[in-house]
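Student: I would like to go through this model by question and answer. Please start with the terms.

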Amino acid sequence: MSAATPGLVCAHHHLYSALARGMPAPPRTPTDFAEILELIWWRLDAALDLEMIRWSAMLGALEALESGTTAIVDHHESPNAIEGSLSVIAQACAEVGVRVLPAYGVTDRHGPEGARRGLEENRRFIEEGNKGLVGIHAAFTCTDDSIREAAAMAEELGVGVHIHVAEGIGDASAPQRLEGLTRDDWLLAHCVHLPTDHTLRGTILHNPHSNLNNAVGYADPARFSNPVALGTDGIGGNVLEAFRLAYVLQRSVDVACGPDVAWSWLETGWNLVPEARTDEVTWSYEPMDPWHLAFTPGVRPLQVKVDGEVVFADGRPTRVDATEVRARAAEQAARLHARL
Ligand SMILES: [Zn+2]
């Protein structure tokens, strides 16, 4: 192995959460995952407008590039700025030079009209010729009708579905709700509380940092026969870091395992965004071997090429000014936090 790899793929991201850092504390301290959603994320996503979405995506894409990640599978929700939101995200990522596969997370949390508008945003974006998936927030926030409609739309458009599955115990009925609907091109995020002998098809997206942060438990993805890929669930875009954490978490329940398993999960990302295989990252460390990387923090890209173009070199993105992106994102974060 050398110091070069293809571009890494972050298989589950929420670019909108880049502006959450420093947000005001919730009215009271959440005591479980359901309250983390209600008191933090569902207040934040409701306050987003398109300008905030644009700069959160710019910042998220920049941070991905700075970590050698050239492709992001994004799951988006902004219930008060639905129409056009996926295009804003795609445009921002394109400006920075990062590939993105976005989806709008359909939900009935804001009534049937909100669900319909979310579905239509997925359709609009994909029918305009963009690469994307159909998003569903999660079975537990959707009616059976909405889930079926999203599944049918994805099949009609020839794309997969990106959905949260059994992240918390409150979504433990997801395997029954999704029975018979999933296909191999579905992306199933988390699956912490999914039984090992489930019948769902698709790639399981493991997000170790987020699962620990939300105290939802350990998914132990090695127990599944499905393919497994690695994501950050919105906590930055550093997939190497996700690999290192995924390895030690697996090790915590299986002292005989090696880092090659978690590395294979990182490699699964290339099946989700095959174009990233043609990207090239030259790293600060050699060899880029799982046994080395599992115990080597701080490995960073020296140069990143996407589609043959150098988009990152000498510690800086080539297409955008990192200082300006951070300043504009900070302005939008202040606007967002003032609404909370
Ligand atoms: Zn997520």
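Tutor: Buried means under 20% relative accessible area, exposed means over 50%, and partly exposed lies in between (1.4 Å probe, protein chains only). This is a predicted model, in which local features need pLDDT of at least 70 and side-chain atom pairs count only at pLDDT 80 or more, while totals for chains, interfaces and linings use all residues. Residues are numbered from 1 along each chain as its sequence is written, and side-chain values use heavy atoms, with hydrogens and water left out.

Student: Is phenylalanine 295 buried or exposed?

Tutor: Phenylalanine 295 has a relative accessible area of 53%.

Student: How many aromatic pairs does the count come to?

Tutor: Rings of Phe, Tyr and Trp (its six-membered ring) pair if their centres lie within 6.5 Å; planes under 30 degrees apart count as stacked, over 60 as edge-to-face and the rest as tilted. By this rule the number of aromatic pairs is two.

Student: Why is the pair of phenylalanine 243 and tryptophan 263 classed as it is?

Tutor: The ring centres of phenylalanine 243 and tryptophan 263 are 5.1 Å apart. Their planes stand at 85°, so the pair is edge-to-face.

Student: Which helix holds tryptophan 263?

Tutor: Helices (H or I, at least four residues) and strands (E, at least two) are DSSP runs, numbered from the N terminus. Phenylalanine 243 and tryptophan 263 are both buried and lie 20 residues apart, so to speak in distant parts of the chain. Phenylalanine 243 is in helix α8 (residues 239-253), and tryptophan 263 is in helix α9 (residues 259-272).

Student: What is the angle between the ring planes of tyrosine 247 and phenylalanine 295?

Tutor: Tyrosine 247 is in helix α8, and phenylalanine 295 is in the loop between α10 (290-293) and β11 (301-306), 48 residues apart. Tyrosine 247 is buried at 2% relative accessible area. The ring centres lie 5.8 Å apart and the pair is edge-to-face, because the planes stand at 85°.

Student: Which ring lies under the charged end of arginine 109?

Tutor: A charge sits over a ring if NZ of Lys or CZ of Arg is within 6 Å of the ring centre and within 35 degrees of the ring normal. Arginine 54 lies over the face of tryptophan 55, 4.8 Å from the ring centre. For arginine 109, at 4.0 Å from the centre, the ring is that of tryptophan 42.

Student: Which helix gives the most to the core of 109 residues?

Tutor: A nonpolar core is a set of buried Ala, Val, Leu, Ile, Met, Phe, Trp, Tyr and Cys residues joined through side-chain atoms within 4.5 Å. The largest has 109 residues, and Val134, Val165, Leu240 and Leu266 have the most contacts inside it. With ten residues, the helix that gives the most is α2 (residues 50-66).

Student: How many residues of β5 are buried?

Tutor: Strand β5 (residues 134-138) is joined to β6 (residues 161-165) by four bridges and to β4 by two; both pairs run parallel. β5 is largely enclosed by the rest of the structure, because the number of its five residues that are buried is five.

Student: Which residues does alanine 151 touch, not counting those up to four places away in sequence?

Tutor: Alanine 151 is in helix α5 (residues 144-157), and its relative accessibility of 7% makes it buried. Contact means heavy atoms within 4.5 Å. The C-alpha atoms of alanine 151 and valine 161 are separated by 6.9 Å. The residues touched are Val161, Leu181 and Trp186.

Student: Which residues form the uncovered face of β10?

Tutor: β10 (residues 280-283) belongs to an open antiparallel sheet in the order β1-β10-β11-β12-β13. Two bridges pair β10 with β1, and four join it to β11. The covered face of β10 has Val281 and Trp283, and the uncovered one has Glu280 and Thr282.

Terms used:
Pairing = 2+ DSSP bridges.
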